[in-house]
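We will go from the whole chain to a few places worth a stop.

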Amino acid sequence: MHLENSRTLFLLICLSTLAAALDDHRRTLPSRKRASQTARSVPSAGFYNPLEMGGSMLTIVDGTFPAGQGEPLNIIISGNSDAALLKDQETDGGLRNYWLSFEYAGECLGQHAGSDQAANLGDGNGVLNETDEIRYDYGDAQLGTCTETINGGGHFRYWTQNGKDANSGAIFMASSYEEPLVDEHDIIPNGYNLGRDWIIGNITGTTIPTLNLTNSSTYSGTTSYGGYTYSTSVKYISGLLNNTSDGVNHNLTVMTPDSNATDGLVALLEVKITGKPANSA
Ligand SMILES: *[C@@H]1O[C@H](CO)[C@@H](O)[C@H](O)[C@H]1NC(C)=O
Ligand SMILES: *[C@@H]1O[C@H](CO)[C@@H](O)[C@H](O)[C@H]1NC(C)=O
Ligand SMILES: *[C@@H]1O[C@H](CO)[C@@H](O)[C@H](O)[C@H]1NC(C)=O
Ligand SMILES: *[C@@H]1O[C@H](CO)[C@@H](O)[C@H](O)[C@H]1NC(C)=O
Ligand SMILES: *[C@@H]1O[C@H](CO)[C@@H](O)[C@H](O)[C@H]1NC(C)=O
Ligand SMILES: *[C@@H]1O[C@H](CO)[C@@H](O)[C@H](O)[C@H]1NC(C)=O
Ligand SMILES: *[C@@H]1O[C@H](CO)[C@@H](O)[C@H](O)[C@H]1NC(C)=O
Ligand SMILES: *[C@@H]1O[C@H](CO)[C@@H](O)[C@H](O)[C@H]1NC(C)=O
């Protein structure tokens with residue numbers, strides 16, 4: 001076995017002995033989300049456009065070169081999704097259970113590996129650090145995100161639009177696909193657009209033709225976890241992000257001859273819970 005792999009394996013074995021003990025703990029870590037002060041009111045679009053309310057569709061990243069670059073908020077879960085789904089919890093079919101349905105989970109043993117990014121969704125909450133960072137779990141909800149932390153892969157940061165000026169309850173996600181830890185977690189070529197589309201691909205069971213997408217592309221699919229079944233409709237929309245590399249974090253290595261660092265499209269998801277465990281209320 002390759003030295004690096006055996007080290008990784010050893011690390012994973014050590015971590016796994018800790019996992020059971022820490023797992024309960026991780027579910028009760030203090031949350032960085034801000035509770036909403038106003039009743040939710042959802043516009044027909046499913047979210048309020050941050051650009052019209054002094055916000056931005058790029059995250060705020062510390063220490064970029066040049067300064068001021070951000071990462072695209074390239075997936076939105078519509079506020080018109082089922083209310084139970086929009087709740088940031090693993091129980092009752094909430095967001096964290098939905099993410100598990102396409103094999104994304106909280107970070108390795110509750111340890112936060114990446115640096116925080118912030119965003120302003122224009123909802124009156126101002127600039128807020130990410131609520132959490134969620135990683136591809138390689139099919140293992142307990143320890144798979146440890147593999148992601150080491151080997152790289154899909155991940156996203158997210159924020160909820162729930163401030164007093166624009167409480168849609170929509171979830172804004174900045175997704176990307178990163179290189180292994182040894183490469184300091186740079187984003188792979190075209191890694192924002194691909195990170196988005198591999199998530200959509202896994203939700204819909206379809207290979208998304210990233211380079212051929214337009215603002216009329218739509219997909220749908222069904223996923224399930226823990227007895228809950230989710231039906232997701234996806235619409236790619238334009239107008240929220242520019243089709244450009246300008247101002248996008250890591251733009252020099254992420255852009256390719258065929259695609260800008262961000263192609264200007266956001267995947268808008270509307271999610272309905274279509275099945276529940278027999279024992280749920
Ligand atoms: C936000 O994240 C930054 C960078 O990780 C950190 O320095 C800062 O303390 C965080 N702010 C809050 C309010 O948690
Ligand atoms: C599902 O996700 C994995 C890991 O990100 C990716 O390699 C694969 O291409 C995705 N599947 C589809 C159909 O997009
Ligand atoms: C993209 O469109 C081109 C031209 O229409 C076509 O040849 C190609 O097969 C398409 N690629 C995918 C992945 O759909
Ligand atoms: C789709 O994009 C085209 C430009 O490529 C634009 O003219 C059109 O208004 C957009 N449609 C929607 C529904 O956003
Ligand atoms: C796109 O770029 C133009 C020119 O820099 C800017 O005025 C506009 O606000 C940008 N649009 C979006 C959606 O970011
Ligand atoms: C990358 O973004 C910076 C601004 O943040 C811009 O000056 C530079 O031209 C961009 N590079 C490319 C290749 O678009
Ligand atoms: C990238 O965006 C620029 C405008 O910022 C555009 O001129 C160029 O054609 C785009 N390149 C690709 C590959 O989409
Ligand atoms: C981005 O702009 C390039 C150049 O105009 C164009 O070829 C490409 O189709 C655009 N991408 C999207 C998703 O509209």
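Colour by pLDDT, the predictor's confidence in each residue, from 0 to 100. The protein chain averages 87, and 84% of the residues score at least 70. This is a predicted model, where local features need pLDDT of at least 70 and side-chain atom pairs count only at pLDDT 80 or more, while totals for chains, interfaces and linings use all residues. Residues are numbered from 1 along each chain as its sequence is written, chains are lettered from A and ligands numbered from 1 in the order in which they are written, and side-chain values use heavy atoms, with hydrogens and water left out.

**The whole chain**

Switch to cartoon: the protein chain has 6 helices and 12 strands. Helices (H or I, at least four residues) and strands (E, at least two) are DSSP runs, numbered from the N terminus. Of its 281 residues, 52% count as buried, meaning under 20% relative accessible area, with exposed over 50% and partly exposed in between (1.4 Å probe, protein chains only). Among contacts (heavy atoms within 4.5 Å) between residues at least 6 apart in sequence, 65% join residues at least 24 apart.

Now select residues 1–31, where pLDDT stays under 50 and the model has 23 contacts beyond four places in sequence. Where pLDDT is low, the predicted coordinates should not be read in detail.

**Ligand 2**

Which residues are around ligand 2? Select Tyr136, Tyr177, Trp198, Gly201, Asn202 and Thr206; a residue is near a molecule if one of its heavy atoms lies within 4 Å of it. Helix H5 (residues 191–204) gives the most to this shell, with 3 residues. By class there are 3 nonpolar, 3 polar and no charged residues; Ala, Val, Leu, Ile, Met, Phe, Trp, Tyr, Cys and Pro count as nonpolar, Asp, Glu, Lys and Arg as charged, and the others, Gly among them, as polar. Zoom in on asparagine 202, where a polar side-chain atom lies 2.3 Å from an oxygen atom of ligand 2. Taken alone, ligand 2 exposes 360 Å², and the protein buries 70% of that; accessible areas come from the Shrake-Rupley method with a 1.4 Å probe, and for residues only the protein chains shown count as cover.

**Ligand 5**

Move to ligand 5, surrounded by Leu51, Gly239, Leu240 and Asn242. An N or O atom in the side chain of asparagine 242 is 2.2 Å from an oxygen atom of ligand 5. The protein covers 33% of the 360 Å² of accessible area that ligand 5 has on its own.

**The loop between H1 and S1**

Select glutamine 69, in the loop between helix H1 (3–26) and strand S1 (75–77). Glutamine 69 counts as buried because its relative accessibility is 6%. Show its neighbours beyond four places in sequence, including Thr59, Val61, Gly247 and His250. Proline 66 lies in this loop too, and the peptide bond from phenylalanine 65 to proline 66 is cis, with omega near -5°.

**Backbone stops**

Most residues other than glycine have a negative phi, and most peptide bonds are trans. Glutamate 103, in the loop between helix H3 (95–101) and strand S2 (104–106), has a positive phi of about 65°. Asparagine 190 has a positive phi of about 60° and is found in the loop between strand S7 (171–178) and H5.

**Last stop**

Is glutamate 148 buried or exposed? At 0% relative accessibility, glutamate 148 counts as buried. Look for it in helix H4 (residues 144–151).

Key. A polar contact is a pair of N or O atoms within 3.5 Å; within protein, one must be able to donate a hydrogen and the other to accept it, and residues adjacent in sequence count only if both atoms are side-chain atoms.
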